[in-house]
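Keep the 3D view open as you read.

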Amino acid sequence: MISTHDQFSPHTVEETQMSKRSLKFNKKLDPVQEAANAERAYNAFMKLLALAPDELHGEFFDLLGDEDRLTNLDQTRERLNGLISQLDLESNRKEIVDVLLELIPVEELVPEVYQKYKPMVVDAGNIILSRLSRERLQTKLVEQLMTPLEASVQERLLTLIARMPTLQKLGQIIARNHNLDPEFRHRLQELENSIRDVTHESIVQRVQEELKSQIESYKIKVSPRILAEASVCAVVPFTWKAPGGERKRGVFKVLKPFIMKYWEEELKTLEALAIHFDHNRASYGLPTVGFKELLREVRDLLKREVKLHFEQERLRDATRFYSDHADVRVPELLPMRTKAITGMEFLSGMKVTIAAKKNPHLRDRIAQLVIDKLILSVIFYPQEEALFHADPHAGNLFYEPETDELALFDWGLSCLIDRETRRFIVQLILGFFLRDAKRVFKSTCKLTTGKQGPEQQEIIRRKVQEIIDELPLFPLVRIDALTRLLDELILEGIRFPAALLMFRKSLFTIIGVIHDVDSTFHLDWHVTRYLLGQIIGEIPERLRHMPWSREYPSQISTWELQQILFGLSRNLARVGLVTTQFLAELGLDWAGDVVSRFLGGTSETMAEAPAE
């Protein structure tokens, strides 16, 4: 048998027992609200009782009135399953779904600011519950019956979405939008942080089953607690004996035992939702965008998250990608691993958001590391394909103050983005920086999927001009302009490759993380400094290449660089600055002389740039 011990925290095994734990939120409800909740639950259960044969009514009443039913959970669950199994769930599915939706009026969780979306939320809940297998529908019903009558809507919703990983994942993605109504975002974050749908015993049992021989050979000792739990996997610490005899720390990332059983069913449900929203988007007031197509493009990428062998390969790729970054750590892949378990090196540190709160003087540094390592180093990667983290929420980003290192976890959702796509992203950024509508339009068209007809081109041209007209004259990289353009074009039905959509999602998440780390961090200034530092720093290397060469991380030819620097000079003159002043304000004092010499030596030979 595998042994357990804990060198990580004084928490006990009892704290991870889902069946022994009351699903309570920290916020205490007032008696009036508790009474209203109890009345709603009682009325819903009476409707359920009407579906049961008369001979079961007495036992149902006795069970619901039993004060000990919430202490003898195993016995209560067994009795309830016996009673529910006697109902005709399929014939009464619609009525049972109605009972669940009455118990959990999800529209109450939607703030008034999003009132117009409430009908869509209610319909989505109906579709999801209606498509549950008979077994899962019965389980959801039993779990609601086992919840205290006075439980809040949030508690009941948390119970409902337990073991529904795709819904949890969608909620997590939405919760990372810092532009959401704060109250709604807080509610979603509460749900995200309260995922507890697996027990420590079930995880240890899976480790024992998957790593039978290695447990003894590596003298593995598992901590008696779950370190972290997400929608798909749970993480448990352990120690092991390395070949040299040294005892080392590691973590097992374990696929939850029920995931593969339900995953395909939930993906099909999500597709059904997308089709429904597509067909009814006019009545919901939704934008003209193909939800079905968008979901299918991204779905294959999401499915990788349940394939741990894919993440194991990505861990190796990430280690190579960041091999030259002394301030980035990727967990080392350990030899004890299977398709359901990944053994990794234990890395110290804390979530970047927590690290920022505990070390206010390091907020700016942490924010810089996050954007530099996860976005900018990807865009300017010199090789053909760049790897990027597609789920970089704060729980996957740890910072160690003592070593000034950023640790990057959870590479199951990661993607490759090719060099040509990155080139046009750079051109798009430069186009907004220089207020160059032609450059932005051309780059955007190159980034789209398939050939754009005159109507689509006109949509792109119009959106580009609208955004540029609203930009301030002062020349800065405008990240909001970039993300706004992509978002608005997607809503107009313009299609982009799946990898670019995932990169956009990654950038979206990163912006939210940076805002939480340091709300005063000026992202546009930093990205401008990084961009100009990168392309100006390449000038000495350009002497070895022809003027039209793109063999640089920025993929900007020397012809283009001259145009960019002259364009920057013109735009600066409009706001009363010269290039050297601007570079000094960015902290690029060294670059002024380099730029002056470069323009002085090339102005005569590069008066005209060749056509693309």
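What you have here is a predicted model, and its chain averages a pLDDT of 86, with 87% of the residues scoring at least 70. Two stretches call for some care. Over residues 6-26 the pLDDT stays under 50, and the model has 45 contacts beyond four places in sequence for them. Residues 603-612 also stay under 50, with 16 such contacts in the model. Where pLDDT is low, the predicted coordinates should not be read in detail.

Now turn to strand 8, which spans residues 341-345 and is mostly covered: five of its five residues are buried. Strand 5 (residues 247-255) pairs with strand 8 in the antiparallel sense, over five bridges. To find this pairing in your viewer, look for Val 254, whose bridge partner in strand 8 is Ile 341. Strand 7, residues 333-337, also pairs with strand 8 in the antiparallel sense, here over two bridges. On this side, Arg 337 has Thr 342 of strand 8 as its bridge partner. Three residues make up the hairpin that joins strand 7 to strand 8.

The aromatic rings are the next stop. The model holds 13 aromatic pairs. Why is the pair of Tyr 218 and Trp 240 called edge-to-face? Its ring centres lie 5.6 Å apart and its planes stand at 75°, and an angle over 60 degrees counts as edge-to-face. This pair links distant parts of the chain, 22 residues apart: Tyr 218 lies in the loop between helix 11 (212-217) and strand 2 (221-222), while Trp 240 belongs to strand 4 (residues 233-241). Trp 240 has a relative accessible area of 7%, so it counts as buried, the cut-off being under 20%.

Another edge-to-face pair is formed by Phe 398 and Phe 409, at 5.1 Å centre to centre with 90° between the planes. Here too distant parts of the chain are linked: Phe 398 is in strand 11 (residues 397-400), and Phe 409, eleven residues apart from it, is in the loop between strand 12 (405-408) and strand 13 (414-418). With a relative accessible area of 17%, Phe 409 is buried. Elsewhere, ring pairs link Phe 321, Tyr 322, Tyr 381 and Trp 411 into a cluster.

Finally, look at two arginines placed over rings. Arg 136 has its charged end over the ring of Tyr 262, 3.9 Å from the ring centre. The charged end of Arg 423 sits over the ring of Phe 424, at 4.5 Å from its centre.

Technical notes: Residues are numbered from 1 along each chain as its sequence is written. This is a predicted model: local features need pLDDT of at least 70, side-chain atom pairs count only at pLDDT 80 or more; totals for chains, interfaces and linings use all residues. Side-chain values use heavy atoms; hydrogens and water are left out. pLDDT is the predictor's confidence in each residue, from 0 to 100. Contact means heavy atoms within 4.5 Å. Buried means under 20% relative accessible area, exposed over 50%, partly exposed in between (1.4 Å probe, protein chains only). Helices (H or I, at least four residues) and strands (E, at least two) are DSSP runs, numbered from the N terminus. Two strands pair if DSSP finds at least two bridges between them. Rings of Phe, Tyr and Trp (its six-membered ring) pair if their centres lie within 6.5 Å; planes under 30 degrees apart count as stacked, over 60 as edge-to-face and the rest as tilted. A charge sits over a ring if NZ of Lys or CZ of Arg is within 6 Å of the ring centre and within 35 degrees of the ring normal.
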